[in-house]
Amino acid sequence: MNENEFWYIERESTRRNLNRRHEKELSKGYFICLHCHQMVSLHPTLSGVNNRNHCPYCLWSRHMDQYKAGDRLSACKEGMQPVGLALKATRNKYNEEGSGELMLVHQCIECGKVSLNRIAADDISENLLLIYKQGCRVDPENRGILLQAGVNVLTDMERDVVTTHLYGIPTVTLPN
């Protein structure tokens, strides 16, 4: 057995153990964040969403879904980094510009899959603003990858839209 085969087998064994632990946590109504290791409650009264899929502290997620939200068919199971904010497209032709739901954009650190996730009621607003500012600085290559996935990350031009969604007022001093 060469070094690469050993590394792969060990990694797969660790992944299976993490998946078993994660399933046990979910059955108890919480999960431990892969990124910051905080305990995160799944209870809808805390988060305001029925399917909690990211940490409210660091905003990282885990690659669980493959084809549609909630299918839990992904074999990847790696961390999904928050890379920006976007507006969910609506089908309502009467909605005005910037009125879609504010969504958190995640990208898998292993396979690159991009997904949109609802912002939960207990997400820390200051951290959401930091992710927004990070998304404003996405380089053109990565912005192109996100656009190919159908995600238009918000830019500096939509600052008032973001602060209105988060705070109900158009202008808020953003942290550096």
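Ser61 has Met80, in S4, as its bridge partner. The structure is a predicted model, in which local features need pLDDT of at least 70, side-chain atom pairs count only at pLDDT 80 or more, and totals for chains, interfaces and linings use all residues. Residues are numbered from 1 along each chain as its sequence is written, and side-chain values use heavy atoms, with hydrogens and water left out.

Strands (E, at least two residues) and helices (H or I, at least four) are DSSP runs, numbered from the N terminus. Two strands are taken to pair if DSSP finds at least two bridges between them. S3 and S4 are joined by two bridges in the antiparallel sense. Four strands, in the order S3-S4-S5-S6, make up an open sheet with antiparallel pairing. Its edge strands, S3 (61-62) and S6 (114-118), each pair on one side only.

Strand S4 (residues 79-87) and strand S5 (residues 102-108) run antiparallel and are joined by seven bridges. Within this pair, Ala86 stands opposite Met103, and Leu87 stands opposite Leu102. Seven of the nine residues of S4 are buried (under 20% relative accessible area; exposed is over 50% and partly exposed is in between, with a 1.4 Å probe and protein chains only). S4 is therefore largely enclosed by the rest of the structure.

The structure contains zero disulfides, a disulfide being a pair of cysteine sulfur atoms within 2.5 Å. For Cys111, the closest cysteine sulfur is that of Cys108, at 3.7 Å, which is too far for a bond. Cys111 is partly exposed, with a relative accessible area of 46%, whereas Cys136 is buried, at 16%.

Rolling a probe the size of a water molecule over the atoms shows where empty space is left. A pocket is an open set of points, on a 1 Å grid over the protein atoms alone, where a 1.4 Å probe fits, with protein on both sides within 12 Å along at least five of seven lines; lining residues have an atom within 4 Å of a point. The largest pocket has a volume of about 760 Å³, volume being the space filled by probe spheres set on the points, which are joined across faces, edges and corners. Helix H1 (3-27), strand S1 (30-32), S3 and S6 each give two or more residues to its lining. S6 gives the most, with four residues. The lining of the largest pocket comprises 35 residues, and Asn53, Asp65, Ala69, Arg72 and Asn117 lie nearest the centre.
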